[in-house]
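Visitor: I would like to learn how to read a model like this one. Please take me through it feature by feature.

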Amino acid sequence: MTASVITASGITLLVDLIDRTSSATNAWIAWGTGGSSPGATATSADTGLKAAATEAWVAATLSQPDTDSNRFVATITAGTAKTIEEAIVFFGTSTATGTATNRCLMRASHGGQVLATGDSIAYTLTMTASAVA
């Protein structure tokens, strides 16, 4: 991944999960075609994909490989030929297509992966917590 960040809306989601003002429990991974254009590198200000692809979000398998990290894994398969350049981890209650807003935990932008119909990308996105002073 060229850039992978926890978003500001992701921090808000984490706070809301801790204080139980959010009950979001399902993690999804979605991909898009807008990761390498000027201004499209992942930043903490992101709220979703820059250019969502047409495939539905895929339920992520969640694991905790270390005490300070969570890992989200999902494989997405191309319905048509396209170049994929970005992915997000999204929390919500159902799958959908389009740009995720307000519940985007993290976004990753990467070099373009040219895919033919039926090709897949297996994403493994890991969030690691740092000590707070």
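Visitor: Is H110 buried or exposed?
Guide: Buried means under 20% relative accessible area, exposed means over 50%, and partly exposed lies in between, with a 1.4 Å probe and protein chains only. H110 has a relative accessible area of 9%, so H110 is buried. H110 is found in strand β7, residues 104–115. Keep in mind that this is a predicted model: local features need pLDDT of at least 70, side-chain atom pairs count only at pLDDT 80 or more, and totals for chains, interfaces and linings use all residues. Residues are numbered from 1 along each chain as its sequence is written, and side-chain values use heavy atoms, with hydrogens and water left out.

Visitor: Which side chain does H110 contact?
Guide: A polar contact is a pair of N or O atoms within 3.5 Å; within protein, one must be able to donate a hydrogen and the other to accept it, and residues adjacent in sequence count only if both atoms are side-chain atoms. Here the side chains of H110 and Y123 are joined by a polar contact of 2.9 Å.

Visitor: Which side chain makes a polar contact with E55?
Guide: The side chain of K82 does, at 2.7 Å. E55 sits in the loop between β2 (26–32) and β3 (58–59). E55 counts as buried because its relative accessibility is 12%.

Visitor: How many helices and strands are there?
Guide: Helices (H or I, at least four residues) and strands (E, at least two) are DSSP runs, numbered from the N terminus. The protein has one helix and eight strands. From the N terminus on, the order is β-α-β-β-β-β-β-β-β. Of the 133 residues in the protein, 39% are buried.

Visitor: How do I read the strand pairing?
Guide: Two strands pair if DSSP finds at least two bridges between them. Take β2. Seven bridges join β2 to β6, and the two run antiparallel. A30 stands opposite I88 in β6. β2 also pairs with β3 in the antiparallel sense, over two bridges. There, I29 has V58 in β3 as its bridge partner. β2 is mostly covered, with six of its seven residues buried.

Visitor: Which strands does β5 pair with?
Guide: Start with β4, residues 61–66: four bridges join β4 to β5, and they run antiparallel. The two are joined by a hairpin through two residues. L62 has F72 in β5 as its bridge partner. β5 and β8 also pair in the antiparallel sense, over nine bridges.

Visitor: What lines the largest pocket?
Guide: A pocket is found on a 1 Å grid over the protein atoms alone, as an open set of points where a 1.4 Å probe fits, with protein on both sides within 12 Å along at least five of seven lines; lining residues have an atom within 4 Å of a point. The largest pocket is lined by 13 residues, and I6, L14, N70, M127 and A129 lie nearest its centre. The largest share of the lining, four residues, comes from α1.
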